[in-house]
Amino acid sequence: MFSPADSTLADPSPADRTPPAVAPAATAPVIAIAGLSKTYASGFQALKTIDLDIRRGEIFALLGPNGAGKTTLISIVCGIVRASTGRVTVDGHDILADYRAARELIGLVPQELTTDAFESVWDTVSFSRGLFGKPKNPAHIEKVLRDLSLWEKKDSKIMTLSGGMKRRVLIAKALSHEPRILFLDEPTAGVDVELRKDMWEVVRRLRASGVTIILTTHYIEEAEQMADRIGVINKGEIVLVEEKATLMRELGRKQLTILLNGRVDAVPEALAGYGLTLAREGTALVYTYDTQGERTGITGLLQDLARAGIEFHDLQTTQSSLEDIFVDLVRQRR
Amino acid sequence: MISNLRAVRAIYVFEMSRTGRTLLQSIVSPVLSTSLYFVVFGAAIGSRISEIEGVPYGAFIVPGLIMLLLLTQSVANASFGIYFPRFTGTIYEILSAPVSYGEIVLGYVGAAATKSIVLGLIVLATAGLFVPLQIAHPVWMLVFLVLTAVTFSLLGFIIGIWADGFEKLQLVPLLVITPLTFLGGTFYSISVLPPAWQTVALFNPVVYLISGFRWAFFETADVHVGVSLGMTLVFLAACLATIAWIFRTGYRLKA
């Protein structure tokens, strides 16, 4: 479609690639969590001290193993669980003092398939809209149901639906009152590929309309595909919050391990420019390179190795993934 | 405190439509069982009992039977109404919605009380088919009807929050409400009891409800109607205070 010249011109700089829906970091966060902790009556400390800001219009993925405190954190923001200490504001409204204004903005899709049984899809979704104080709007409900491929089932009793359909109903309920912030608690747990695709399509559209989305997951790919920022929570603590792009740059690094025939005491002089490190007690050299760079430098390195007379018997490459980073973080704190 | 009327209406309509779906169980069965009481106690046994305080026995038991129905139905409906979402987990939506506690209670208790009142009036009309009825103070009759339905729906709401299983949900109506109603003068005037038991009976709150309600029909009462009204209001206030405490502490609702 574009001539090469056009495409060069049209190619935006990386900074411009940020979608317009994301407000600059300088504006107030849409959710501000400060000093939040939760100890249940049983004595179990689900959250230690959480400080977290969610930016307006972003998709924030909260990653963490089971029992890390993801659901507790969401439940507190949504008003289902009471915090032990700390403060949360939603678009400037305190979730306790000004709970109506705060909650009106929020749609929640819970992790468990907790639906009514005997009601029709239409009734249960309309019920949610009324509960959130919005006037009747059949056109909106219809749109939500159509977007989620639920329109055909609108008169069906919920108990007759499959698990995937029930998940859609929960999403429809959350969207019925046109929330500005959407919480998706493990939205794709036990969900088939088609629903996953549909769901991400809906999420993309919501985001394009300026809705802030917070999702929890323990599937790394999900975070990789969708999120603008990624937070990792473990044992009730936020251990990392990072732009996904930054994390992905980390991920773009690969390591080449050269298994030598002999042993070396130090990195040979001739190879000084490659930033090599010694491994396996001097029987291996490790070269770190960027797969997304123009040149990886591998050809040059191998030629220089040969020139320096260093023989090797095997080559291995490894790529650290978000999963590795995640597992490392989680392990460190065990 | 009550500003999200759409939410109140949503809960109310939701609860009422539950009644609509289970019409047989909700309306037909209580009306049938109450009619059986009329046939057995009013017509069969009642024909051998002389008048009580100037009222034919068949008519005398009508206010008591309506109270029996009102109490059990209010408790059953309201307790189930709030217990079921707790059981299935759909309560998450109520808790995360921009609704006040007052609005939640108004929706659930309002629906449960409405249903009891409708049932009470249906049974009253049914009773009119079996026995000649007179209502001396229709307004007071309605006042007692509504107050009792609301009070016991509030009690049911409390039970529905307290219960952590279906067994407990049945326990209070079965072990407390029904005995208190039967011993509270549904089928007799407590003046027929030995003096000692009359004193014991005065500790039964249902005595005051039935007595006041019966007074509205026949102007005969075990205790003064003012006392009946006062005790009903005290019980109503106690239920409201308990519910306020539940929401303030998050008892069984919020961890």
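According to an unreviewed UniProt entry, residues 21-250 of chain B are annotated as "domain: ABC transmembrane type-2". The model shown here is predicted. Over residues 21-250 of chain B, the chain is 79% helix and 0% strand.

Helix H3 (residues 57-88) of chain B packs against helix H6 (residues 138-162) of chain B at an angle of about 40°, and their axes are 7 Å apart. The crossing of H3(B) past H6(B) is right-handed. In the contact of H3(B) with H6(B), 16 residues are nonpolar and 8 are polar, with no charged residues.

Next comes the contact between the chains. Chain A contributes 27 residues to it and chain B contributes 20 residues. On the side of chain A that touches chain B, the elements giving two or more residues are helix H3 (99-104), strand E6 (106-109) and helix H4 (121-131) of chain A. By class, the residues on this side of chain A are 13 nonpolar, 6 polar and 8 charged.

Chain A also has paired strands. Strand E11 (residues 253-260) of chain A runs antiparallel to strand E13 (residues 284-290) of chain A, and 7 bridges join them. E11(A) also pairs with strand E14 (residues 312-319) of chain A, in the antiparallel sense and over 7 bridges. Thr257(A) can be followed through both pairings: Thr257(A) stands opposite Val286(A) in E13(A), and opposite Gln316(A) in E14(A).

Definitions and conventions
Residues numbered from 1 in each chain as written. Chains lettered and ligands numbered in written order. Predicted model: local features only at pLDDT ≥ 70, side-chain atom pairs only at ≥ 80, totals over all residues. Axes fitted to C-alpha atoms, helices over the stretch in contact; angles between N-to-C directions. Helix = DSSP H or I, 4+ residues; strand = E, 2+ residues; numbered from the N terminus. Left-handed = near helix turned anticlockwise from the far one by under 90°. Nonpolar A, V, L, I, M, F, W, Y, C, P; charged D, E, K, R; others polar. UniProt positions renumbered as here; feature names shortened; annotations may be inferred. Contact = placed C-beta atoms within 7 Å. Pairing = 2+ DSSP bridges.
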